Amino acid sequence: MLYALARPFLFALDPETAHRLVLGASDAASAVGLLRRNPVSAPVHAMGLEFPNPVGLAAGLDKQAEHVASLAALGFGFLELGGVTPRPQPGNPQPRLFRIPEAQALINRFGLNSVGVKAFVSNLSRFRKSCVIGVNIGKNKDTPNEKAADDYVQCLEALYPHVDYVSLNVSSPNTAGLRDLQDPAALSALLSKVRHEREKLREKHGRHVALALKISPDLDDDAIRSIAGIVRRERVDGVIATNTTVARADVERYANGVQTGGLSGAPLRERSTRVLKILSQELKNEIPLIGVGGIMSGADAVEKLDAGATLVQIYTGLIYRGPELVNECIERIRDAERIRVANRPAS
C-alpha cells in the first residue's frame, strides 16, 4: 500500500535516481527495524541447497552488495546479487535505464557496471547472512572471449567462502560478444574450466557452492536443446531462464520502446517461459530450473513452476508492484502446491 502511494513520485524521477533513493530509504528503515516482514515458509531443496521459500531476487537490483540486509528483510527465500566482474568497470554512460509503464517493462543497458570482485566481497562480508545468497558473475568488457573463463574463475575464487551459489552470466545483451559464450564449443570449455575449479575450491573450503548458468531468452529451440545437453554433461547445478531480451515487438510503439539494451518485465514473460518449457522437456527434472522474466503477479510465478521451474526470481515486477509481490508469489505457489498434492491419485 505504501509503495503504491509513493510510486507516482518515484516514477517522476530519473529511474536510476529513484532506484538509489528507494534502496537508501530501505536501508534506513531496515537499520531501525521498520522493514521486518515475517517470511512465508515454503521450503525447497534445489542445487544441493535449502531455500526457505522459492521466491528470489533476480540479479541486477543490488549490483554491488550494498543493500543486502534491507532486501533480505522483504521476505525473499534467496537473493542473487551482482553482476560482478573481476576488475572495476563503470558500465555504459547514463542514461541507461528506461521505464515503459504502458507495458510494465524496463529497458536497461547498464553494461555490467561493477565495483570489482574485491570491493564486492568487502561489501558482502559486512552482512550477517540470513538467507541463501547467490552472485551473478561475468567477464570484464575488455577481456577477450578466449580468456573469459579466467575472469569467471577469478570471481568464483574470491566469492567462494561467502556465497551459496554463483550464476555464470553468458547472456547479457549489454556487453559486446558476451552472448557468443553460449555457442556450444565456447560454453563447454567455459563450464568445464569453472566446474573443475569449483571442485578444487570445494575440497579446500569444505563446503558446497552451486554453479548455475543464466541463459538468453533469444535462443532458438535447437540452441536451447544444445545448452541442455551441455549443462547435463558438465554437471551444472542449475539453469536460470532467462536474462533480458533484445526483442521489441511488444513495446516499439511506446516512448523508450526502441532504446537499446535488455527488455524486462511483462513483455518478457511468454518468451522466458517458452525457454523454461524446452529446458524442462530436455532435462526431465535432472537439473533444477530457476524461472525469471515477466513475473508481475503470483499467478505468473505459478506459471513458471508449471513450465518446469523449481525456483523463481523477480526484479521488474518489484519496481511496478512493490514489496507486496514477494509474499503474493510465495503464497500463490504454496496454494498451488497444496492443490496439486490434494489432486494426486491415491497410491
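Let's start inside the largest cavity: its lining residues divide into 12 nonpolar, 19 polar and two charged. Keep in mind as you look around that this is a predicted model.

**Stop 1: the cavity**

How many cavities of 30 Å³ or more does the count come to? The count comes to one. This largest cavity has a volume of about 450 Å³. To find the spot, select Ala-59, Asn-108, Asn-243, Thr-244 and Tyr-315, which are the closest to the centre of the cavity among the 33 residues that line it.

Next, colour the elements around it. Strands E4 (78-84), E6 (105-108), E11 (262-265) and E13 (311-314) each supply at least two residues of this lining, and so does helix H10 (316-321). Leave H10 highlighted for the next stop.

**Stop 2: the largest pocket**

Now select Tyr-3, Val-22, Ser-26, Gly-322 and Pro-323. These residues lie nearest the centre of the largest pocket, which is lined by 35 residues. The volume of this pocket is about 870 Å³.

Which element gives the largest share? Select H2, which contributes nine residues. If you colour the lining by residue class, you will find 26 nonpolar, four polar and five charged residues.

**Stop 3: the second largest pocket**

Move on to Glu-16, His-19, Arg-20, Leu-61 and Asn-113. Of the 16 residues lining the second largest pocket, these are the closest to its centre. The space in this pocket comes to about 260 Å³. Its lining divides into four nonpolar, six polar and six charged residues.

**Stop 4: two helices side by side**

For the last stop, show helix H7 (residues 221-233) together with helix H8 (residues 269-283). How do they pack? Their axes are 9 Å apart and meet at an angle of about 45 degrees. H7 and H8 are therefore oblique to each other. Their crossing is right-handed.

- From H7: Asp-221, Ile-224, Arg-225, Ala-228, Val-231 and Arg-232.
- From H8: Arg-274, Val-275, Ile-278, Leu-279, Glu-282 and Leu-283.

Colour them by class, and the residues of this contact divide into seven nonpolar, no polar and five charged.

Key:
Residues numbered from 1 in each chain as written. Predicted model: local features only at pLDDT ≥ 70, side-chain atom pairs only at ≥ 80, totals over all residues. Heavy atoms only, no water. Axes fitted to C-alpha atoms, helices over the stretch in contact; angles between N-to-C directions. Helix = DSSP H or I, 4+ residues; strand = E, 2+ residues; numbered from the N terminus. Parallel < 35°, antiparallel > 145°, perpendicular 65-115°, else oblique. Left-handed = near helix turned anticlockwise from the far one by under 90°. Contact = heavy atoms within 4.5 Å. Nonpolar A, V, L, I, M, F, W, Y, C, P; charged D, E, K, R; others polar. 1 Å grid on protein atoms, 1.4 Å probe; cavity = no way out; pocket = protein on both sides within 12 Å on 5 of 7 lines; lining within 4 Å. Points joined across faces, edges and corners; volume = space filled by probe spheres on them.
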